[in-house]
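Look at the model below and find the residues named in the text as you read.

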Amino acid sequence: MLTVRLIAHTPDPEKVVAAAAKLCYSDSHIADLLDGLDEAKTARFLDMLSDLGHASPIEHASFTFGIEGVSRSLLAQITRHRIASFSVQSQRYVRLDDFRYVVPPAVEAAPEAKRAFLAAMQEDARRYLELAHALEQAHAARLAAEGMPEQEARRKAEKLANEDARFALPNACETKMVVTMNARSLRNFFRLRCCERAQWEIRALADEMLRLVLPVAPHLFRNAGPGCLEGPCPEGKMCCGYPDTVRAKYRALAAEGAR
């Protein structure tokens with residue numbers, strides 16, 4: 001099951017961004033950059049940046065998420081967002097004896113498809129462990145024959161076995177990660193991945209990440225979400241067909257986060 005936590009962020013992220021904006025547009029000195037930046041003035045600076053389309057100051061605020069219960073398929077998508085930092089559970093070092101996987105909603109809703117999917121996952125899990133154990137025995141025997149002490153040989157053999165056995169794992173296999181993005185990258189992430197045309201799993205993740213940052217930085221993310229929030233749907237002929245419903249959803253989310 002998808003689990004997302006906002007585990008860290010820049011202290012007073014909106015004030016930090018407002019200070020950067022203040023530096024850009026005034027003769028303030030570093031020593032007094034934060035002076036007078038109460039909530040109202042901070043909000044005015046952030047609104048000004050939004051109106052001007054001046055995005056670089058918001059890069060000074062960053063947000064770190066702990067994410068689990070997502071598929072390796074999602075991992076392939078989220079790592080395309082290059083201005084971010086990722087730490088992902090290693091399939092080389094962690095043997096998946098407790099094999100978990102993500103079931104797509106469309107599969108869950110179709111009994112025959114679900115039966116076939118679960119059978120495939122069970123077979124993949126069995127084959128993965130069978131392959132890992134066979135490789136571990138082969139590597140341990142080879143290393144012992146080369147003169148390595150037995151205990152050390154077994155430890156190294158397990159890692160070597162995991163390295164190749166993971167090739168048998170499906171995209172549905174669960175993973176977990178820590179992800180850090182600055183606010184500008186996050187806004188771009190939301191623009192692309194909150195869109196109804198985004199794949200269902202990463203869209204669910206993006207919605208949850210947005211829900212978590214809104215109470216922390218409501219002005220920074222007040223108009224964050226899919227591209228249609230800023231005007232006509234950017235997808236053109238590939239529009240989902242109900243942009244007004246989508247806009248209403250994210251405006252309600254922003255209002256809830258600002259409370």
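Leaving aside residues up to four places away in sequence, Asn182 touches Glu59, Ala61, Ser62 and Ile83. The model in which these contacts are found is a predicted one. Asn182 belongs to strand β4, which covers residues 174-182. Is Asn182 buried or exposed? Its relative accessibility is 15%, and buried means under 20%, so Asn182 counts as buried. The side chain of Asn182 also has a polar atom that lies 2.8 Å from the backbone nitrogen of Ser185.

Arg184 is part of helix α7, made of residues 183-193. Which residues does Arg184 touch, if those up to four places away in sequence are not counted? They are Ala55, Ser56, Ile58 and Glu59. Arg184 has a relative accessible area of 38%.

An unreviewed UniProt entry places the feature "binding site" at Ser56, Arg80, His81, Arg82, Asn182, Ala183, Arg184 and Asn188. Ser56, in this list from UniProt, is also one of the residues that Arg184 touches.

Next come the aromatic rings. How many aromatic pairs does the structure hold? There are 5. One of them joins Phe99 and Tyr101, with 5.8 Å from centre to centre and 40° between the planes, and this pair is tilted. Phe99 counts as buried because its relative accessibility is 13%. Tyr101, with a relative accessible area of 24%, is partly exposed. Elsewhere, ring pairs link Phe63, Phe189, Phe190 and Phe221 into a cluster.

The last topic is the cysteines. A disulfide is a covalent bond between the sulfur atoms of two cysteines. A search of the whole structure finds 0 disulfides. Cys195 counts as buried, at 13% relative accessibility. Cys240 is in no disulfide either, and its nearest cysteine sulfur, that of Cys239, is 4.5 Å away. At 28% relative accessibility, Cys240 counts as partly exposed.

Key. Residues are numbered from 1 along each chain as its sequence is written. This is a predicted model: local features need pLDDT of at least 70, side-chain atom pairs count only at pLDDT 80 or more; totals for chains, interfaces and linings use all residues. Side-chain values use heavy atoms; hydrogens and water are left out. UniProt positions are given in the numbering used here, feature names are shortened, and annotations may be inferred rather than shown by experiment. Helices (H or I, at least four residues) and strands (E, at least two) are DSSP runs, numbered from the N terminus. Buried means under 20% relative accessible area, exposed over 50%, partly exposed in between (1.4 Å probe, protein chains only). Contact means heavy atoms within 4.5 Å. A polar contact is a pair of N or O atoms within 3.5 Å; within protein, one must be able to donate a hydrogen and the other to accept it, and residues adjacent in sequence count only if both atoms are side-chain atoms. Rings of Phe, Tyr and Trp (its six-membered ring) pair if their centres lie within 6.5 Å; planes under 30 degrees apart count as stacked, over 60 as edge-to-face and the rest as tilted. A disulfide is a pair of cysteine sulfur atoms within 2.5 Å.
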